[in-house]
Structure formats: structure tokens, C-alpha cells
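Here is a short report for someone meeting this structure for the first time.

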Amino acid sequence: MRILIDMDNVISDFERGFLEMWREKYPHNIWIPIGKRQTFYPTDQYPPKLKEFVEGIYLEKGFHRSLKPVDGSMEALSEMVALGQDIFLCTSPLTRNKYCIVEKYEWVEHYLGKKWIKKIIVTKDKTLIHADILVDDKPEITGVKEPHWEHVIFDQPYNRYVENKKRINWKTWKKILSIDSNIS
Ligand SMILES: [Mg+2]
């Protein structure tokens, strides 16, 4: 199977990185625990008056490079490859952060190694990419095409209302995607 894996909040821990940096930079402002996050974009849940400060965190140089891998994600990617799956990383960069794309490439090289750089697909429209599955935390993914892939939700607190799609985390993926042999 050809599987597209989103990066932010699927393999790179954007939510955790944001919250740690937010609390460090603004210790006296309100903060929302990760388990209580209810919107895809943090700016939709934080008070509007804080919007520019919230965005300021992830528009900053170095933010994307500093993110930690989501627990279990690196091991899962290696295992998928070992099981004969054709894996690509498919990411939509923040267009307002000019460092974002280069930092994502640096991040992949650092955590996964040079050979994974060739597996990065950068696009603002994932419906244009042909694959069997897209694993993504975003609740709805739209674009110019009817997608070929099946959207499998990567579980996050803010997407739990989505009920009509398969849902995985890095503990359950193998069972839910029925990947358990070298036959792809
Ligand atoms: Mg994402």
C-alpha cells in the first residue's frame, strides 16, 4: 500500500511544542491543556485578543525544527517500511512561516535520516496526491480533486467528533490498517 503520513501532530508534536513554548514565553497567560484542545487551529480556541501571540509562537524561526517526534511515530514508520509499505511524508507547510519548509526537511533528516528526505511531499493540496491512505489529524481535507486516498484520522483531542473515518494512533495503527505482513 502507498500511505501518505502527515507531519504536524502525526509524527512531529506541534501541540506539545506549542504549549511548552507558550507557557515558557507567557507564564501569566491562560493555557489550554492538550487534552482539552477542541479546535484544529489553536487560534480558534484561545481568546481572540491573544491571536497574534499564539501565532507568533509557531511563526517563529526554529519552532518547527524544535518539535519532538510524536511518541511511537518513528518506530511505526520504520515498521511500516519493514512490512513492505510504500510510505511518503505529506505535509502542508505554514505559508506565513518562511522557515517552515526548510526546518521540516532538517527535522526529517535529523530524526529519520537522509533517505527519508526523498519521501517528503510538500503540497497545499493533498487531494492531488495519489495514494491508498492518508493518515492526517485534520478533521476534513479538501482540495481541487476528489481524493483517491482514504482519509484515516490520526487521533487528537480536537478531532474526536469525527466518527465516519477510521482512527489510529501509533499503538493501534497495525491492527486498524490491517498491516501485519509483507504483502502490500
Ligand atoms: Mg497535521
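Strand β1 (residues 2-5) pairs with β4 in the parallel sense, over three bridges. Leucine 4 has leucine 134 of β4 as its bridge partner. The model is a predicted one.

Strand β4 (residues 133-136) has another pairing too. With strand β5 (residues 150-154) β4 is again parallel, over four bridges. Here aspartate 136 has isoleucine 153 of β5 as its bridge partner. Next comes strand β6 (residues 167-168), which runs parallel to β5 and is joined to β5 by two bridges. Phenylalanine 154 has isoleucine 168 of β6 as its bridge partner.

How are the faces of β4 covered? In a regular strand, side chains alternate between the two faces of the sheet. In β4 both faces are covered. Ile133 and Val135 are buried on one side, and Leu134 and Asp136 are buried on the other. Strand β5 is mostly covered, with four of its five residues buried.

Aspartate 6 sits in the loop between β1 and α1, and aspartate 137 in the loop between β4 and β5, so the pair ties together parts that are 131 residues apart in sequence. Both aspartate 6 and aspartate 137 are buried.

Glutamine 156 is found in the loop between β5 and β6. Its relative accessibility is 10%, so glutamine 156 counts as buried.

**Helix α1**

Helix α1 (residues 14-25) has twelve residues. From first C-alpha to last, α1 reaches 16 Å, close to the 16 Å expected at 1.5 Å a residue. Its buried residues are Phe14, Glu15, Gly17, Phe18, Leu19 and Trp22. The buried residues of α1 pack against α2 (51-59) and α3 (63-66).

Arginine 16 is also found in α1. Is arginine 16 buried or partly exposed? With a relative accessible area of 30%, arginine 16 is partly exposed. Leaving aside neighbours within four places in sequence, arginine 16 is in contact with Ile34, Lys68, Pro69 and Asp71. Arginine 16 and phenylalanine 53 are 37 residues apart along the chain, and their C-alpha atoms are separated by 17 Å.

**Helix α5**

Helix α5 (residues 100-112) has 13 residues, which should span 18 Å at 1.5 Å a residue. Its end C-alpha atoms are 18 Å apart, so the model agrees with that expectation. Which residues of α5 are buried? They are Cys100, Glu103, Lys104, Trp107, Val108 and Leu112. Seen down the axis of α5, these residues fall within an arc of 140°, so they line one face of the helix. They pack against α3, α4 (73-82), β2 (86-91) and β3 (120-122). Just after α5, glycine 113 takes a positive phi of about 100°.

**Aromatic rings**

The structure holds 13 aromatic pairs. Two of them are set out here.

| Pair | Centre to centre | Angle between planes | Geometry |
|---|---|---|---|
| Phenylalanine 18 and tryptophan 22 | 5.8 Å | 25° | stacked |
| Tryptophan 107 and tyrosine 111 | 4.8 Å | 45° | tilted |

Phenylalanine 18 and tryptophan 22 both lie in helix α1, four residues apart, or about one turn of the helix. Both phenylalanine 18 and tryptophan 22 are buried. Tryptophan 107 and tyrosine 111 are four residues apart in helix α5, so about one helical turn separates them. Tryptophan 107 is buried, with a relative accessible area of 1%. Tyrosine 111 is partly exposed, at 28% relative accessible area.

One aromatic cluster is formed by Phe14, Phe18, Trp22, Tyr26, Tyr46, Phe53, Tyr58 and Phe63. Among these, Phe14, Phe18 and Trp22 are buried residues of α1.

Note on methods
Residues are numbered from 1 along each chain as its sequence is written. This is a predicted model: local features need pLDDT of at least 70, side-chain atom pairs count only at pLDDT 80 or more; totals for chains, interfaces and linings use all residues. Side-chain values use heavy atoms; hydrogens and water are left out. The expected span of a helix is 1.5 Å times one less than its number of residues. Buried means under 20% relative accessible area, exposed over 50%, partly exposed in between (1.4 Å probe, protein chains only). Contact means heavy atoms within 4.5 Å. The arc is that of the directions from the helix axis to the C-beta atoms. Two strands pair if DSSP finds at least two bridges between them. Rings of Phe, Tyr and Trp (its six-membered ring) pair if their centres lie within 6.5 Å; planes under 30 degrees apart count as stacked, over 60 as edge-to-face and the rest as tilted.
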